Every structure is written in C-alpha cells, then in structure tokens.
Amino acid sequence: MLAAAGALQPGHQRSPSRVRAAREAMLREYARTQSPQETREDAGSGDGLDEPEIHRVEMELPDGGQLVLTDIENITPERAEKTADHIARILNSKERDRQS
C-alpha cells in the first residue's frame, strides 16, 4: 500500500522514517483490533447513571387542558407554575397558528 502511494508521484522520494512510522502505526492498529481489551462484568456499575429517577408532575391548565412535566431533575412547584403559565399564554395567544 505504501509503495502504491509512492508510485503516484515517481519523482518524489519517500522519507524512510515516515514510511517506517506509517508501517508501525498500521501494525499497532492491526494488533489492537486483533486483541480487544478485556471488559469487566461490573463495568458501569456504581456511576449513578444506571437508572435515573424520572420526576413527573401533572397540572391542569386554565382552559381545561392538562400539562404533564417530566424531567430527570426535581420539578419545583415554582418551575411547574412558571411552565404552566407559559404554556397557557401560548395557547391563549391570538398570534398562534390556526389551521382551517
């Protein structure tokens, strides 16, 4: 493969150190793919990411709609009210899209 690359530019002299470095890099990658690293059976345990707790809050909107908030972070009452007010404003906006 390296000889073929050199044949594309016959007047160009290849640097022996670069050829050697490329060959060694190819052999290292080949050896790495032939013998993958061992995996532990307990890998990933204890990192706190196994089963994140999902928080859920259901709220009634002013016009009878229902809002369901879910997040991996705690949903505070203030955050829930702020979100419900924002959604209600969007729903009551005269500028929202209307399909006929």
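The structure is a predicted model, in which local features need pLDDT of at least 70 and side-chain atom pairs count only at pLDDT 80 or more, while totals for chains, interfaces and linings use all residues. Residues are numbered from 1 along each chain as its sequence is written, and side-chain values use heavy atoms, with hydrogens and water left out.

Overall, the protein chain contains 3 helices and 2 strands, where helices (H or I, at least four residues) and strands (E, at least two) are DSSP runs numbered from the N terminus. Along the sequence these elements follow the pattern α-α-β-β-α. Of the 100 residues in the protein chain, 10% are buried; here buried means under 20% relative accessible area, exposed over 50%, and partly exposed in between, with a 1.4 Å probe and protein chains only. The protein chain exposes about 9400 Å², and carbon and sulfur atoms supply 50% of that area. Accessible areas come from the Shrake-Rupley method with a 1.4 Å probe, and for residues only the protein chains shown count as cover. Contacts (heavy atoms within 4.5 Å) were also sorted by sequence separation: among those between residues at least 6 apart, 12% join residues at least 24 apart.

Strands β1 and β2 pair in the antiparallel sense over 6 bridges, two strands being paired if DSSP finds at least two bridges between them. They form a hairpin with 5 residues between them, and G64 in the turn has a positive phi of about 95°. In a regular strand the side chains alternate between the two faces of the sheet.

H55 belongs to strand β1, which spans residues 55-60, and stands opposite D71 in β2. H55 counts as buried because its relative accessibility is 17%. Leaving out residues up to four places away in sequence, H55 touches L69, T70, D71, I72, E73, N74 and I75. With N74, the side chain of H55 also makes a polar contact of 3.1 Å. A polar contact is a pair of N or O atoms within 3.5 Å; within protein, one must be able to donate a hydrogen and the other to accept it, and residues adjacent in sequence count only if both atoms are side-chain atoms.

The largest nonpolar core is made of 7 residues, namely M59, L61, L67, L69, I75, A80 and A84. Both β2 (66-71) and α3 supply at least two residues of this core. A nonpolar core is a set of buried Ala, Val, Leu, Ile, Met, Phe, Trp, Tyr and Cys residues joined through side-chain atoms within 4.5 Å. Setting aside neighbours within four places in sequence, L61 is in contact with Q66, L67, A84, I87 and L91.

Helix α3 covers residues 77-92 and includes N92. P77 lies in helix α3 too. P77 is classed as exposed because its relative accessibility is 59%, whereas N92, at 43%, is partly exposed. For N92 and P62, which are 30 residues apart along the chain, the C-alpha separation is 9.8 Å.

Side chains of opposite charge can pair when their charged atoms come close. The count comes to 3 salt bridges, each a side-chain nitrogen of Lys or Arg within 4 Å of a carboxyl oxygen of Asp or Glu. One joins R79 to D71, with the closest N and O atoms 2.4 Å apart; R79 is partly exposed at 34% relative accessible area. Another links the side chains of E58 and R56 at 2.8 Å, N to O. Within that pair, E58 is partly exposed at 46% and R56 is exposed at 53%. E29 and R32 form a salt bridge as well, their closest N and O atoms being 2.9 Å apart. Both lie in helix α2 (residues 16-34), 3 residues apart, about one turn of the helix. E29 is partly exposed at 41%, and R32 is exposed at 52%.

Finally, S35 sits in the loop between α2 and β1 and is exposed, with a relative accessible area of 51%. A polar atom of the S35 side chain lies 3.0 Å from the backbone oxygen of A31.
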